[in-house]
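Q: Could you take me through the nonpolar core of this one, slowly and in plain words? I'd like to see what sits in there and what lies around it.

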Amino acid sequence: QVQLVETGGGLVQAGGSLRLSCAASGRAFSAYAMAWFRQAPGKERSFVATISATGGETRYSDSVKGRFTISRDNAKNTMYLQMNSLKPEDTAVYYCAARRSVYASHLESPYDYWGQGTQVTVSS
């Protein structure tokens, strides 16, 4: 089975930057669309960004567009989320997800594999 491991979370001040990584074990990583979701205490898990299998298509939630950048390196079986201009409202556990499809999706249900999550805390 595919295993996903998120790293790079931590505590930063508002306006700062952080880069999350998601390392995948699957041999078919290059055929999987990927996404980032996040969940803050007392809130529903929400969509952050998604990327197609080749990296040719990316989509972002309105709340992060212009500040976050999703990317992937299929040769390294790794997906990234570069987060700039961080705000306290970005504080959440960030989850990496993969689906057995080349097409990006902003919905949770199509994703087949999920990581354990990594905590991002932004202080004001």
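**A look inside the core**

A: Let's start with the largest nonpolar core, which has 29 residues; Leu4, Met34, Trp36, Leu81, Met83 and Tyr94 have the most contacts inside it. Strands S3 (18-24), S4 (33-39), S5 (46-51), S7 (68-73), S8 (78-83), S9 (92-99) and S11 (118-123) each supply at least two residues of this core. A second, separate core of five residues includes Phe37, Phe47, Ala97 and Tyr111.

Keep in mind that this is a predicted model: local features need pLDDT of at least 70 and side-chain atom pairs pLDDT 80 or more, while totals for chains, interfaces and linings use all residues. Residues are numbered from 1 along each chain as its sequence is written, and side-chain values use heavy atoms, leaving out hydrogens and water.

Some terms: a nonpolar core is a set of buried Ala, Val, Leu, Ile, Met, Phe, Trp, Tyr and Cys residues joined through side-chain atoms within 4.5 Å. Buried means under 20% relative accessible area (1.4 Å probe, protein chains only). Strands are DSSP runs (E, at least two residues), numbered from the N terminus, and contact means heavy atoms within 4.5 Å.

Now zoom in on Met83: leaving aside neighbours within four places in sequence, Met83 is in contact with Gly16, Ser17, Leu18, Leu20, Arg67, Phe68, Tyr94 and Val120.

Gly117 lies in the loop between strand S10 (113-114) and S11, and counts as buried because its relative accessibility is 14%.

Conventions:
Buried < 20%, exposed > 50% of the residue type's maximum accessible area, 1.4 Å probe, protein only. Helix = DSSP H or I, 4+ residues; strand = E, 2+ residues; numbered from the N terminus.
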